[in-house]
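Trainee: Please take me through the terms used for this model. I want each label set against its rule.

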Protein chains: 2
Amino acid sequence: MRLSKTACSDCPIRHRAVCAECDTDELSILEGIKSYVTIPSGGSIALAGEPLHYLSSVVTGCATISKTLEDGRRQLVGLLLPSDFIGRPGRANQSFDVEAVSDVTLCRFERKAFEGIVRASPNVARRLLTMTLDELDVARDWQVLLGRLSARERVAHFLLSLVRREASDSGADLVSGAITLQLPLSREMIADYLGLTIETTSRQFTALRRDGLIESASARQILVPDLARLMLETMDDDGGTIA
Amino acid sequence: MRLSKTACSDCPIRHRAVCAECDTDELSILEGIKSYVTIPSGGSIALAGEPLHYLSSVVTGCATISKTLEDGRRQLVGLLLPSDFIGRPGRANQSFDVEAVSDVTLCRFERKAFEGIVRASPNVARRLLTMTLDELDVARDWQVLLGRLSARERVAHFLLSLVRREASDSGADLVSGAITLQLPLSREMIADYLGLTIETTSRQFTALRRDGLIESASARQILVPDLARLMLETMDDDGGTIA
DNA sequence: CGAAGAATTGAGACGGCTCAACCAAAGTGG
DNA sequence: CCACTTTGGTTGAGCCGTCTCAATTCTTCG
């Protein structure tokens, strides 16, 4: 399903996406080759092993990056939110599955054309490198979570990662206090993200609720009455601050 | 400890490191700002949170990237072998600890100077992007291992990752057959890499030995009599091939 | 209102962890 | 040169956290 093009200058992710550092000239080149596509919730955006014809930025919605083993075990390795980039220039095939978990609008570029832009535009190339390095740090932090944290720590960490992401998107400075958040993922997907089962994940939500660290109107709607207290559960080395 | 400079053209990692795609002009610029340093086994190369003055390529030896939690739990998030790059241009502070696990020779660049080269030399920038994207894929594959594989599968996968790396370095094509390998890590470090304890790791080595999948002259010296059979233990989706 | 999917809860099994002993190889010092 | 220590690895016994299997409740939607 195609949408009418939005001018890049009006784009909600203009200052965070791969185009963030483009000048107006570069932007107009991108404008010339981009197209918008909306993937319905549950739809596939890319399949591991398949040739990759398009690279894209997430404009709205939420998607997952995952791998499924032959016997059905599944592990999410990334969460894609607005401004995140999908695909890798310079490689013909996709390494992981990418799936929409809500309706997702993509700003899409034909791969070959985009690779030309990466070559021609240092601002795009630099931004892409910065974003990739950031993703690498995130992936490695997640390795620590998967390798060493308990189920309770994982769930607390997951909730805080959502809070952090939301804060950094809106530029807000969250010191502490009450915060509500909308979970973009089902319990099953959270479990696959955290390397746990659905049941263990659910039990940890219940335990956090019992201990007063979270409250919930529904399964997807979480209230964190005291962010600092939740942070104490995560046992990470960020020293209890968010920045 | 400083070593005499080797000419880049004679460098053992010339065609695999960040400089792989440089032409002779670019190479001579790099040559001008590089210096060699050797870190003794066990020494620290970088500490998480500390300012990062140098970026470098591993020329010889082996190093680890890791994070240690306040309570002592530790997780390796990467293994650095010759040609791998350390540090990230564009960020002042280091995200993870980097430690030498053997004597390590680095080809080192002052950060600011190297950032200038990344800006000026598209071949370096592109190579760096490619390497970072590769690392991201590796990190995500490791997330799957940490989140979903059993202890036995993890150890088998670890051994195969060493075999693969060795094969790709030497350009050899390994279909199957017997292979010997020298483990660069102690049992403790392997455990920290795999998200296990020392004891569990040791038991899995014993079990693989009992089942005839590996043989060992010493703890660090492993013989894999039949690579294909070991691959069957890994349960990954590579379809049993190495490529 | 009934059906289907999502989430929660419970009971028991099991894999990996903890604590502890033991062993082998490699120093170290008298 | 040999006791002693140190370090890294292996093995054993029992415990605990998470998984598995199953039932129940909640939510959503036709």
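Some questions on the labels follow, with the rule behind each answer.

Mentor: This is a predicted model, where local features need pLDDT of at least 70, side-chain atom pairs count only at pLDDT 80 or more, and totals for chains, interfaces and linings use all residues. Residues are numbered from 1 along each chain as its sequence is written, chains are lettered from A and ligands numbered from 1 in the order in which they are written, and side-chain values use heavy atoms, with hydrogens and water left out.

Trainee: What makes Arg91(A) and Asp137(B) a salt bridge?

Mentor: The rule asks for a side-chain nitrogen of Lys or Arg within 4 Å of a carboxyl oxygen of Asp or Glu. Their side chains meet at 2.6 Å, N to O, so the pair qualifies under that rule. Between chain B and chain A the count is 16 salt bridges.

Trainee: How many residues does each chain bring to the contact?

Mentor: Chain A brings 43 residues and chain B brings 43 residues. Contact means heavy atoms within 4.5 Å.

Trainee: What is the area buried between the chains?

Mentor: About 4,300 Å², with 55% of it on carbon and sulfur atoms. Buried area is the accessible area (1.4 Å probe) that two parts lose on being put together, summed over both.

Trainee: Why does the radius of gyration of chain A agree with a compact globule?

Mentor: The radius is taken over C-alpha atoms, and the globule rule is 2.2 Å times the number of residues to the power 0.38. For 243 residues a compact globule would have a radius near 18 Å; chain A has 19 Å, so the two agree.

Trainee: What share of chain A is buried?

Mentor: Buried residues are 54% of the 243. The label means under 20% relative accessible area (1.4 Å probe, protein chains only).

Note on methods: Buried < 20%, exposed > 50% of the residue type's maximum accessible area, 1.4 Å probe, protein only.
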